[in-house]
Amino acid sequence: MASRKYFSIVIYAFILGAFANTAFSSLSRDYYDYSCPNALSTIRSVVEAAVQKERRMAASLLRTHFRDCFVNGCDGSILLDPSPTIDSEKSAVPDFQSDKAFKLVDEIKEAVDQACGKPVVSCADILTVAARDSVVALGGPTWEVRLGRRDSTIASRDAANANIPSPFFSLSELISNFKSHGLNEKDLVALSGGHTIGNARCATFRDHIYNDSNINPHFAKELKYICPREGGDSNIAPLDRTAAQFDSAYFRDLVHKKGLLRSDQELFNGGSTDALVKKYSQNTKVFRQDFAKSMIKMGNIKPLTGNRGEIRLNCRRVN
C-alpha cells in the first residue's frame, strides 16, 4: 500500500514538473514585462533611427532573421562570428546586406542591456523583434512577437548552406524547402513578399536574365546594363520597383514577368502558387495580413527556451 502511494506521488510530481517545464519554456508576449519593461521600446527606437538613416537597413534585418530561422530555428546562431569552436554561418550563402544587420544588432544589444541594467534579452529575440520593427518602419504591417527565445551556443555553416533557400531554386524546390521548416505554400508566397524591399547582387540574377524565358524581355534588357555576362558580380538591382517601401509591387511585378530572381518568378510561372500571387497583386490588405501571420509562424520555428541555450553577453560569441 505504502509503495503504491509513494509511486503515485512520484508520478504526480513528474507530471507536475513536466507541465511546469512546458509552461515556463513556452514563448509569451509579456516575457520581459517585469525583467525589462523598456526592452521593446528600446529596440524599436534604435531600429527606427537606423532605417530612417538608411532605408536598406530594413531589408538587411529582415533577411538576416529569415536566414537565422531557416538554419536550425530562430536561435541567433546566424550572429555568431567564426572561432576555433564556431563554424560560423556568416560564411555560408553570403548575403551582401547582412554585415549591416550584424552591426545594428550589436548596437541594439548594447542599448537594450543598458535599458535593462543587465543582459536580460537574448540576441535571438532582439533579431526577431528588430525584423518586425524594420518592416513597420517602411510602412509594412505589424504583428505580435512572442518572446523568450534563448541564444544558441553552436552554429553550422553546412546547415546554413543546406537549409537557406537558393535564389536559383525551382518552385518544387522552394515548396520542399519551406515544408521542411513546417511552412506551407501560402507561407512561401507570403514570406517571399519580403522581397518587396531591398536589393540583390548581379551574381544571384545573372542566369535568370540571360538564360530563362519566363522574363519580360524589356526588363531583362534593362538589367543586362547592370549585370553583364562576365564581371560585375556585386552590382545590385532592386528586388521590385519600390524597393524602399513595403507594398505589394513585388507581386504585380511577378504577374508581368518582372521577377528579379529566378526563385521569385517561379512563384508565377504556371504552377500551384500563381493564384495566390495574383491575389496579393490585387489585394495589398490580404497580403499584409498573411505576411504578418506567416512571420509569426516562421519566428516560432524551433526556438530554444527554458534552460536550453543562453543569454549572450555579446551577440557575436558564446559566453
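Colleague: Is D253 buried or exposed?
Modeller: A residue is buried under 20% relative accessible area, exposed over 50%, and partly exposed in between (1.4 Å probe, protein chains only). D253 has a relative accessibility of 6%. So D253 counts as buried.

Colleague: What kind of model is this?
Modeller: Residues are numbered from 1 along each chain as its sequence is written, and side-chain values use heavy atoms, leaving out hydrogens and water. Local features need pLDDT of at least 70, side-chain atom pairs count only at pLDDT 80 or more, and totals for chains, interfaces and linings use all residues: this is a predicted model.

Colleague: Which residue forms a salt bridge with D253?
Modeller: Take the rule: a side-chain nitrogen of Lys or Arg within 4 Å of a carboxyl oxygen of Asp or Glu. The closest N and O atoms of this pair are 2.8 Å apart. The partner of D253 is R241.

Colleague: How many residues apart are D253 and R241 in the chain?
Modeller: Helices (H or I, at least four residues) and strands (E, at least two) are DSSP runs, numbered from the N terminus. D253 sits in helix α11 (residues 249-255). R241 sits in the loop between β2 (236-238) and α11. The pair links distant parts of the chain, and the separation is twelve residues.

Colleague: What is the relative accessible area of R241?
Modeller: D253 is buried. R241 is exposed, because its relative accessible area is 54%.

Colleague: Which helices does the salt bridge of D187 and K297 link?
Modeller: The closest N and O atoms of D187 and K297 are 2.8 Å apart.

Colleague: How far apart are the closest N and O atoms of E54 and R56?
Modeller: E54 is partly exposed, because its relative accessible area is 24%. R56 also counts as partly exposed, at 37%. They form a salt bridge, with the closest N and O atoms apart by 3.7 Å.

Colleague: Which residues are linked in a network of salt bridges?
Modeller: A search of the whole structure finds 17 salt bridges. Some of the residues join up in a network. Its members are D81, K90, D106 and R316.

Colleague: What separates the centres of domain 1 and domain 2?
Modeller: Domain 1 covers 38-164 and domain 2 covers 171-297; such bounds come from an automatic or database domain assignment. Over C-alpha atoms, the distance between the centres is 23 Å.

Colleague: How many salt bridges cross the interface of the two domains?
Modeller: Contact means heavy atoms within 4.5 Å. By that rule, 23 residues of domain 1 are in contact with 21 residues of domain 2. Together the domains bury about 1800 Å² (accessible area, 1.4 Å probe, lost on being put together, summed over both), with 68% of it on carbon and sulfur atoms. The count of salt bridges across the interface is zero.

Colleague: Which helix gives the most to the side of domain 1 that touches domain 2?
Modeller: Two helices, α3 (56-72) and α6 (157-163), each supply at least two residues of that side. With eight residues, the one giving the most is α3.

Colleague: Which residues does N216 contact, leaving aside its neighbours within four places in sequence?
Modeller: N216 is in the loop between α9 (202-211) and α10 (217-226). Beyond those neighbours, N216 is in contact with H256, K257 and K258.

Definitions and conventions
Buried area = accessible area lost by both parts, 1.4 Å probe.
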